[in-house]
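Please read them with the structure open.

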Amino acid sequence: MSQNSKIIKGCHSLIDLRFYRTAKSSLLKYISSSKGARNSQAHALLGEISLIQKDMAAAENHISKSLLIDRNNITALMGKAYIHLVNQNSEDALRTYFTILAIEPSNSLAKLNIEKIKKISKSGIKLIPRKYLIYSYVPSVLKPVLLILFVFTIAFGSYLSINMLYPRIRIMFLDKEQRELREKLKDIYLFEGLEDGRIPESAQSPTYSPKEIADMFELAKDKMGSADVNSAVAIINKALHSDINDYLKEQFKRLSLFIIAPDYTLFRNNISYETAISEPDMYIGGFVKWIVRVDSFKKSVDSDGEEIILARVLVLSEDGKTTDGLAELQCSIDTKLENNEKIEIYARIKNFDIVKKMTILNTIVIKHLPN
């Protein structure tokens, strides 16, 4: 078995055991490597984890990448069908499940989910992602018995599980740099010495005191923990463009690696177009939800050599009656767009083109709106 296969198989096992964060960390590290960047199953599993964690934006992003690499990936197609169900598109979900059966006629989960869709349309059953994404081999009559045994086992072995087994498994999938960073994030202060009342010379800055820098770091962590990532991005960028030293800037850069796209339906603290262009350096890496009108679009190639759709859009005011400015939208190659079409975009600010005076956005979700 190849090393790549071992990684994917290991993450499958972690997901089955519900160690989602550990599997996610391992997969993110893997796809950041040259070997894993084009692995369809790695992106599909990240999409599956994101759906279970109810991060629809991240799920759609990874599933789209997986199917772009391999349009017949079963895990990704399962995720795509579930997204259709969440969006109340039962017909599209059924088509996707039938596509799965055309590829893999014996797929029991696809058959089971088709039957579930009939019940959903009648009684509006609440969607539970794991039940639609991961096949359970346990007969229904045994589930109550197994549940009792499971609860008893967890209660009996909780100390060992929490204090010994889980931390070791979790750390095993992190590289040395990531482990060190996670340990630092547990500390109260950004740098050593302040807790003893000593201010290290390396922390001196003409603008900020060491205490102010540490408070910025802690506030950014707090904002990330409460899913207010745009506030965290602004704090981190403020630090990166300040006169603090390179070591402290590196700490803020590492903190920014923990930022992921908030759930599309729960996204808050939007950045207006006017705010984004007023201080572009402060909001690069932030997330926006804007209503735009497609001005033009074409096929292009990104920095990784992947085909994409590059769209020039007019950013509309909140009431949709006036145009605030221009933006460039980078979308996956299979994105469907029409000229003069009005859409709502959920995207991440990639950069700001000073020459074109245009915000560059990486698309996460596109919602088509009536004109």
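**Notes on the predicted model**

1. Leaving aside neighbours within four places in sequence, L316 is in contact (heavy atoms within 4.5 Å) with I291, V292, R293, T322, T323, D324 and K342. L316 is in strand 2 (residues 307-316), where helices (H or I, at least four residues) and strands (E, at least two) are DSSP runs numbered from the N terminus. At 9% relative accessibility, L316 counts as buried; buried means under 20% relative accessible area, exposed over 50%, and partly exposed in between, with a 1.4 Å probe and protein chains only.

2. Residues are numbered from 1 along each chain as its sequence is written, and side-chain values use heavy atoms, with hydrogens and water left out.

3. Overall content. The protein has 16 helices and five strands. Of its 371 residues, 43% are buried. Among contacts between residues at least 6 apart in sequence, 56% join residues at least 24 apart. The accessible surface comes to about 21300 Å², and carbon and sulfur atoms hold 55% of that; these areas come from the Shrake-Rupley method with a 1.4 Å probe, and for residues only the protein chains shown count as cover.

4. Aromatic pairs. Searching the whole structure gives four aromatic pairs. Rings of Phe, Tyr and Trp (its six-membered ring) pair if their centres lie within 6.5 Å; planes under 30 degrees apart count as stacked, over 60 as edge-to-face and the rest as tilted. One of the pairs is Y273 with W290, whose ring centres are 5.5 Å apart with planes at 70°, so the pair is edge-to-face. Y273 belongs to helix 15 (residues 273-278) and W290 to strand 1 (residues 287-301), 17 residues apart, so the pair links distant parts of the chain. Y273 and W290 are both buried.

5. What is the geometry of the pair formed by F287 and Y346? The pair is tilted, with 6.3 Å from centre to centre and 35° between the planes. Because F287 lies in strand 1 and Y346 in strand 4 (residues 342-353), the pair ties together parts that are 59 residues apart in sequence. The relative accessible area is 1% for F287, which is buried, and 0% for Y346, also buried.

6. Nonpolar cores. A nonpolar core is a set of buried Ala, Val, Leu, Ile, Met, Phe, Trp, Tyr and Cys residues joined through side-chain atoms within 4.5 Å. The largest has 41 residues, and the members that touch the most others are L27, L51, M78 and Y97. Helix 5 (74-86) is among the helices that each supply at least two residues of this core, and its eight residues are the largest share. Not counting residues up to four places away in sequence, M78 touches Y97, I100, N107, L109, A110, N113, Y132 and L133. A second, separate core has 25 residues, including I213, A232, A239 and F287.

7. Charge over a ring. The charged end of K116 sits over the ring of Y132, 4.5 Å from its centre. The criterion is NZ of Lys or CZ of Arg within 6 Å of the ring centre and within 35 degrees of the ring normal.

8. Helix 2. Nine of its twelve residues are buried, so helix 2 is largely enclosed by the rest of the structure. Among the buried ones are Y20, K24 and L27.

9. Loops. K54 has a positive phi of about 65° although it is not a glycine; K54 is in the loop between helix 3 and helix 4 and is exposed at 52% relative accessibility. Q88 has a positive phi of about 65° and is not a glycine. Q88 is in the loop between helix 5 and helix 6, and is exposed, with a relative accessible area of 71%. G285, in the loop between helix 16 (280-283) and strand 1, is buried at 12%. G285 touches V233, R348 and I349, not counting residues up to four places away in sequence.

Note on methods
Predicted model: local features only at pLDDT ≥ 70, side-chain atom pairs only at ≥ 80, totals over all residues.
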